[in-house]
Each structure stands twice: as structure tokens, then as C-alpha cells.
Amino acid sequence: MARYVVNRLTQAIMLLVIVSAIGFAILHMAPGGPLSQFAASAQMTQEDLDRVTKQLGLDRPLPIQYFDWFGRMLKGDWGKSYRDGEPVLSVISSHLGATLELMATATIIAVLLGCWIGILGALRRYSLFDTLATVGAMIALSIPTFWFGLVTIYVFSVKLGWLPAGNRQTVGDGSFLDLLHHLIAPAMVLALVETAMWGRFMRSSMLEVINQDYIRTARAKGIPEWRILTVHALRNALLPMITVAGLQFPTLLGGALVAETVFTWPGMGRLFLDSIGYRDYPVVMGILMFSATMVLIGSLLADILYAVVDPRIRVG
């Protein structure tokens, strides 16, 4: 088991280094560059631009810039924002809570609702419910998140007035109910695709389990159906969901980026897009590395947990 964990951890670290190098190169070779925000000012002279270039270390070769940035990042210095001079870690941490709040709420909704739909669809295969669930999942997976978000705002905010159109809370009102009221719409939009995916995966896993020989043997022994489903079928059907949970994290991050933009939710996704528009490359790279690290940690933990639950996976 220890060897398996070391191998997976080594692969994750190598992948993280590759992601950082590619991301750093793409950002610094993009049109405009980090100096575009300074050059846009009418008061900036060429001498001022040269001085800023030297202060930021942008006059050095790109590989030197990368290794210098990577070395400082390993020491905990992720740089400072070009926008306001704040440390990148402080900027990210100030927006992290809102993103985690949105992602956690959407995940809870998706897991509970998706698993229930998947289990019921597997037990009532080809029924009207299963057909509607399949069609609904295909539609949900086909709808762009931003479009569903705009429709949600138009229907529930503009027309019905039930939900706020955006932001995390009402100015001057930080109560729990107000936060919950603002959370409903973006969490519902973010959970849409996740619910569809969890439902399809759970249905497939449950169908595979209930057709196994040990389930038929349990029925032949006269074990109550509810016990067969809860003790034998459901527990084994949930094992593949461990891997699914790890793989869903990148989808959640991508969906959160869109949902936060549509609903002006002050999270990391909104910060990422704002930083790209401002050419705030230290913050962009910080968010990229933080997100990549979280994705790799989630995938690694899912693999390790699956290896603990099912020892056969360790052979690979």
C-alpha cells in the first residue's frame, strides 16, 4: 500500500510541475503581456515602463523567470498582485470561502438527488421515471451552465422575484437566511450538471450490482428485499462513486467559474476572470496552481481510498 501511495504521489507532483510550466509559458506569451495594464496609462513614459519591467523581473529570459517564481512559490511566496500589491495567497484566501460554500452546497444537492434518481432508475429500469430521468440528464448535460444561469435569473429573479439576481448577500444584511437566499440560485445552477452525472453513474453502477449472482442468491435465501438493496447492493454500488467523486472536482471548478461570473458571486472563479482581464498574472498563476493542487489531491485521495476499500486495485 505504501508503494502504491508513493507512486501516485510522485505522478501527482510531476503533473503539477508540468501544469505550472505550461501555464506560466502561455500567460507570458499571450498578447499584451503583464505590462499592458501599465502601458494603458497616458501618464506612463517609456522610461517608466522600462523601470517597471526591471522591477518585476520581466527583462530576464522566460525560463529564468519561471524557475525564480517556482522556487519562491515552494517557499510560500506566491508573489504580489499587480492590481493592489496584496500577497497572492491573501487575495486567494479572501475569495476561497465563497467558492467552497458554493461548491459544497452544490455537491450535497447533486450527490443526494443524483444518487436517489440513479438508484430509483436502476430499480425501475425502462419505466416512465427512468425514461424521464434519462432524457432529463441528457438535456442537463447539453445545456451550457451560463445559459441555464441566465434563464434562472430571468425566471426566478426578474419575472417571479423569488430569488436575488446576484451577489452573495444584501448590503447591510449578513444574516444566515439572507446568505441562504442568495445561495439558492447559483448552487442550483452548479448542481444541475453534477446531478445528471451522479444519476447516470449511480444508475449504471446499481444495475451492474443487482444483476450479480450474490444478489440472486440472497433473494433465493429469502432475505428481505430492503435488506438486499441497502446492505448488499447499495454498499457495493457506492464503491465506484469514490472515483467519480474525485473526477468531479475539475467539473465543479469549471462550473463554479461560470456560475460565479453569471451571479456575480465573489469567489475564486470570478477572481480568476477579473485577474485575466487585468493581466494580473501572479494572481492568475496562483489560482491555477491552487486549483491544480486541489484537483490532484482530490484524485489522489479518491485513488487511495478506493485502494483501501478494494485491494485488487493495488495490483495495477
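Residues are classed by relative accessible area as buried (under 20%), exposed (over 50%) or partly exposed (in between), using a 1.4 Å probe and protein chains only. The structure is a predicted model, in which local features need pLDDT of at least 70 and side-chain atom pairs count only at pLDDT 80 or more, while totals for chains, interfaces and linings use all residues. Residues are numbered from 1 along each chain as its sequence is written, and side-chain values use heavy atoms, with hydrogens and water left out.

Threonine 99 is located in helix H5 (residues 88-123), where helices are DSSP runs of H or I with at least four residues, numbered from the N terminus. With a relative accessible area of 4%, threonine 99 is buried. Its contacts (heavy atoms within 4.5 Å), not counting residues up to four places away in sequence, are Glu260, Trp265, Gly267, Met268 and Gly269.

Helix H4 (residues 62-74) comprises 13 residues and reaches 18 Å from its first C-alpha to its last, close to the 18 Å expected at 1.5 Å a residue; the expected span is 1.5 Å times one less than the number of residues. Buried positions in H4 are Gln65, Tyr66, Trp69, Phe70 and Met73. These residues lie on the same side of H4 because they cover an arc of only 125 degrees around the axis, the arc being that of the directions from the helix axis to the C-beta atoms. Exposed residues Phe67 and Leu74 are carried on the face of H4 turned away from its buried side. Glycine 76, which follows H4, has a positive phi near 100 degrees.

Glycine 254, in helix H11 (residues 239-262), is partly exposed, with a relative accessible area of 38%.

Note on methods
Helix = DSSP H or I, 4+ residues; strand = E, 2+ residues; numbered from the N terminus.
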